[in-house]
Amino acid sequence: MPDQKQNLPQLYRFCFLMLGDSRKAQEVFNTTLREAAVRAAQGELPKEPFWLFREARWRCLEASKTDLQPESLKIDEHDIAPQAASQIKQLEPAQLAIWISAAPDPQRTALALFYLDEFDYLEILDIAELKLNTLSRCLAQGRRQLQAWLDAKHSGEPKV
Amino acid sequence: MRTLRLLRRRRALLNCAPISQNHPADRSMRAAVSREDGSDEFVNQQNFDRALAELIRLVPIPAESAEWFSENEAIRAPRWTWRKIVLNPAVLAISIALLVIAGVFAFHLLGQLNDFPGSATARKLLTVAGSTRSVMLDPVIAEAGTLSDLFFMKHGLEHYDVPDEFADFQTIGCRVFDDDESQRIAQIWVGEKRMQFFLFPAERDSKTGTVLAFPGWRYVHQEGWVGAVTEHNGVCFMAVLKGREKDLEPYLSGPKQ
């Protein structure tokens with residue numbers, strides 16, 4: 001497995017984006033790597049690429065199953081604004097992680113994997129087991145919703 | 001309809017366009033991006049994506065989790081060395097099986113290489129030689145070369161001639177018998193190294209009936225016995241003794257195989 005696909009800092013960030021909570025992310029990250037180390041010692045390490053991320057993804061989904069789930073409300077969507085980059089610069093990473101972790105799956109996985117900037121779209125399709133149309137819809141919708149949230153944040157309006 | 005599908009696919013690809021140039025895009029992605037490059041909407045999307053990716057790179061890694069980074073080797077699949085591959089039980093078992101198969105194949109191949117017309121009969125006669133006692137033969141004291149006349153006159157066996165190499169040997173006894181294929185076999189016992197001679201009909205082509213001749217001397221082996229066979233006038237002559245080829249070699253002249 002190439003080193004790039006074993007990028008452990010990125011694996012932690014992925015867990016963090018999926019869970020929006022540093023403590024939970026650490027827990028999933030450590031459990032995933034402990035499991036990997038045991039398998040490696042037994043010579044049973046899966047050969048397929050990205051298996052660490054795939055494993056971590058299922059653990060994250062499992063871990064957030066018991067959490068309070070957000071109500072399914074219609075979330076505002078805005079076109080991406082030219083000033084979006086400067087709006088994002090004012091965010092804290094944890095705020096973004098909380099926003100992404102609150103998204104329903106598979107949008108949550110799609111956004112987390114895509115914005116890690118670690119994989120190309122074909123690899124994301126493989127890890128998240130998605131079709132291109134679904135990934136595209138998740139990302140496009142995610143951008144528009146995030147823009148709406150940024151707009152609301154900066155205008156000070158209370159928004160969902 | 002097809003154009004609409006293509007447009008939808010291009011749109012879908014653009015939504016997944018790579019954030020940085022780190023990832024080599026496939027051809028369809030490159031084509032979609034190059035068509036849209038420069039449009040306001042796409043530029044906004046790219047700036048938006050880049051800003052988010054930069055923000056995510058700022059996510060701090062807790063010290064406890066960072067400890068894993070130094071132990072990266074622990075979760076790496078063990079490297080396969082040649083030694084490991086060779087000592088793998090499956091590889092070992094397959095290798096041994098292949099060696100055995102190759103050995104059996106080589107054994108058969110070598111056996112067939114040494115075969116010649118009449119070799120099967122010659123081997124059977126080596127067994128006969130091993131089980132024959134001198135008392136079973138009619139006592140005849142003469143030079144082996146002179147027995148041709150005896151075989152012809154008494155048994156009607158034509159061309160049952162002892163080759164010159166062995167013609168001078170003094171005989172102890174001889175007999176003529178039928179083998180299990182009703183072939184007339186002449187057996188001679190000589191005093192020299194308790195050697196035995198066999199004369200038997202050469203193998204013939206089953207369709208044409210012509211003698212399957214072979215040049216020079218050929219060796220056959222069976223249970224510690226060795227025979228040197230030659231063919232002449234449709235009759236094979238075999239000199240047999242208990243021992244190895246090198247024990248027979250001094251008596252033979254001409255090409256040996």
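Helices (H or I, at least four residues) and strands (E, at least two) are DSSP runs, numbered from the N terminus. On that count, chain B has 10 helices and 7 strands. Before going on, note that this is a predicted model, where local features need pLDDT of at least 70, side-chain atom pairs count only at pLDDT 80 or more, and totals for chains, interfaces and linings use all residues. Residues are numbered from 1 along each chain as its sequence is written, while chains are lettered from A and ligands numbered from 1 in the order in which they are written.

Let me stay with chain B. I call a residue buried if 20 or more other C-beta atoms lie within 10 Å of its own, exposed if 12 or fewer, and partly exposed in between, with C-beta atoms placed from the backbone. Of the 257 residues in chain B, 27% are buried. A contact means that the C-beta atoms of two residues, placed from the backbone, lie within 7 Å. Among contacts in chain B with a separation of 6 or more, 55% are between residues 24 or more positions apart.

Next, the strands around β4(B). Strand β4, residues 196-201 of chain B, has 5 of its 6 residues buried. Two strands pair if DSSP finds at least two bridges between them. Strand β3 (residues 184-190) of chain B pairs with β4(B) in the antiparallel sense, over 4 bridges, and B:Ala186 has B:Leu199 in β4(B) as its bridge partner. The hairpin of these two strands has 5 residues between them, and there B:Lys193 takes a positive phi near 50°. β4(B) also pairs with strand β7 (residues 235-242) of chain B, again antiparallel, over 6 bridges. In that pairing B:Pro201 stands opposite B:Val235 of β7(B).

Now the cores. A nonpolar core here is a set of buried Ala, Val, Leu, Ile, Met, Phe, Trp, Tyr and Cys residues joined through C-beta atoms within 7 Å. Which residues touch the most other members of the largest core? They are A:Phe14, A:Cys15 and A:Leu113, in a core of 56 residues. α1(A) supplies the largest share of this core, 9 residues. Leaving out residues up to four places away in sequence, A:Phe14 touches A:Phe53, A:Ala56, A:Ala112, A:Leu113 and A:Leu116. A second, separate core has 38 residues, including B:Leu157, B:Phe197, B:Ala202 and B:Val240.

On to the interface. Here 42 residues of chain A are in contact with 33 residues of chain B. On the chain A side, α2(A) gives the most, with 8 residues. By class, that side has 29 nonpolar, 7 polar and 6 charged residues; Ala, Val, Leu, Ile, Met, Phe, Trp, Tyr, Cys and Pro count as nonpolar, Asp, Glu, Lys and Arg as charged, and the others, Gly among them, as polar.

Last, some backbone details. Most residues other than glycine have a negative phi, and most peptide bonds are trans. A cis peptide bond joins A:Asp105 and A:Pro106, with omega about 10°. A:Pro106 lies in the loop between α5 and α6 (107-115) of chain A. A:Glu129, in the loop between α7 and α8 of chain A, has a positive phi near 55°. Is A:Glu129 buried or exposed? A:Glu129 counts as exposed, because it has 11 C-beta neighbours inside 10 Å. B:His159 also has a positive phi, near 65°, and is found in the loop between α8 (147-155) and α9 (164-167) of chain B. With 15 C-beta neighbours inside 10 Å, B:His159 counts as partly exposed.
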